[in-house]
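Hello,

Here is the structure for you to look over. My notes follow below it.

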Amino acid sequence: MKFIVSSSYLLKQLQILGNVINSNNTLPILDNFLFELDNQLLTVSASDLETTMSATLEIDSESQGSVAISAKLLLDTLKTFPEQPLTFTVQDNNLVEISSNSGKYILAYAAAEEFPKSVTLEDASVTLVPAEVLSTAVSKTIFAAGNDDLRPVMSGVFFQFSPEGLTFVATDAHKLVKYARTDVVAAQVSDFIMPKKPLNILKGILGASDSEIKIEYNDSNAVFSFENYILICRLIDGKYPNYEAVIPKENPNKLVIDRMQFLNSVRRVAIFSNKTTHQIRLKIAGTELNISAEDLDYSNKADERLTCDYQGDDMQIGFNSRFLTEMLTNLTSDHIMLEMSLPNRAGILTPADGLDDGETVTMLVMPVMLNA
């Protein structure tokens, strides 16, 4: 088994696949990349048992075979090469020889048979989604997913597909984000919960892609195929909470404000807030928004006044500044709308401009009780 491949082309693909590999694997074989050669097509795979990803590369070869090679050793070596062709020769004595312009490097390989076989999906549904739509959906929602091992369903992003459109939801019970598209639809109604790790890997490569992604899914697994990549992952098992029930429907108090101005003000004032609660207070009256924070333990205090466009009753409401900052950072519009009903009900943030036709973003943040 022998093949020739460009060093930078191989490195780029392996760095993407390397994101799948855990730093402490229970099975030693998972520390390796699986190389499967079929003449001029080389398929390289990485797995952590839950997620398996493979990339198909076009290379120069006339042989076939498969081996598993240490991921760390290979990545560390490839990072040091300038662009050049590398020749990989698999020898009979469990060694691989890599030849470059300047030298030879020999490393041991493991038997390809030990590498876990990838799952094949039975009775899969299929939906096609443009890369840009999926990339935006993941970026807008993933930060709101929880990290609680006791509630695994909330540690992923909920995908809801229907002939009316696609909806993506993430929540950790303090904040919730719902991203919906009516301009991309699925053939039938279905839903599943995607873990964060494979979504982060996808997010990293979808931004640069303009292809269409084929998503196949059944009750236990999902497969994402696009360009030269295939990512297979196990879905989170369980029923997603009824998120629609927590989104307040009647919100008569509406505030519209410049997003960056509001974000910078919240960031500044938050420096002076209590380090445990991160609480900031919004006091709205007429066209004036007053943002304040106080840390009584250290006598720190800050308060800022901004002008805004406000319709509704004068009100005071408290929020955790970290959640508010995260949401304002993840919105990309020039202006945002904050809708509220009562100081003890969730506030709803939506972009006031900059959305595509058929695109909606709803962010919900729970208030914190103000001490008088």
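**What turned up**

Asp219 sits in the loop between strand S15 (212-217) and strand S16 (221-226); strands are DSSP runs of E, at least two residues, and helices are runs of H or I, at least four, numbered from the N terminus. This is a predicted model: local features need pLDDT of at least 70, side-chain atom pairs count only at pLDDT 80 or more, and totals for chains, interfaces and linings use all residues. Residues are numbered from 1 along each chain as its sequence is written, and side-chain values use heavy atoms, without hydrogens and water.

Asp219 counts as exposed because its relative accessibility is 79% (buried is under 20%, exposed over 50%, partly exposed in between; 1.4 Å probe, protein chains only).

Now the salt bridges (a side-chain nitrogen of Lys or Arg within 4 Å of a carboxyl oxygen of Asp or Glu). The whole structure has 13. Arg181 and Glu359 form one at 3.5 Å, N to O. That pair links distant parts of the chain: Arg181 is in strand S13 (residues 175-181) and Glu359 in strand S26 (residues 359-365), 178 residues apart. Arg181 is buried at 7%. Glu359 is buried at 11%. A salt-bridge network links Arg181, Asp183, Asp356 and Glu359.

Helix H3 (residues 131-141) is largely enclosed by the rest of the structure, because 8 of its 11 residues are buried. Among them are Val133, Leu134 and Val138.

There are 0 disulfides (cysteine sulfur pairs within 2.5 Å). Cys233 is buried at 0% relative accessibility.

Best wishes
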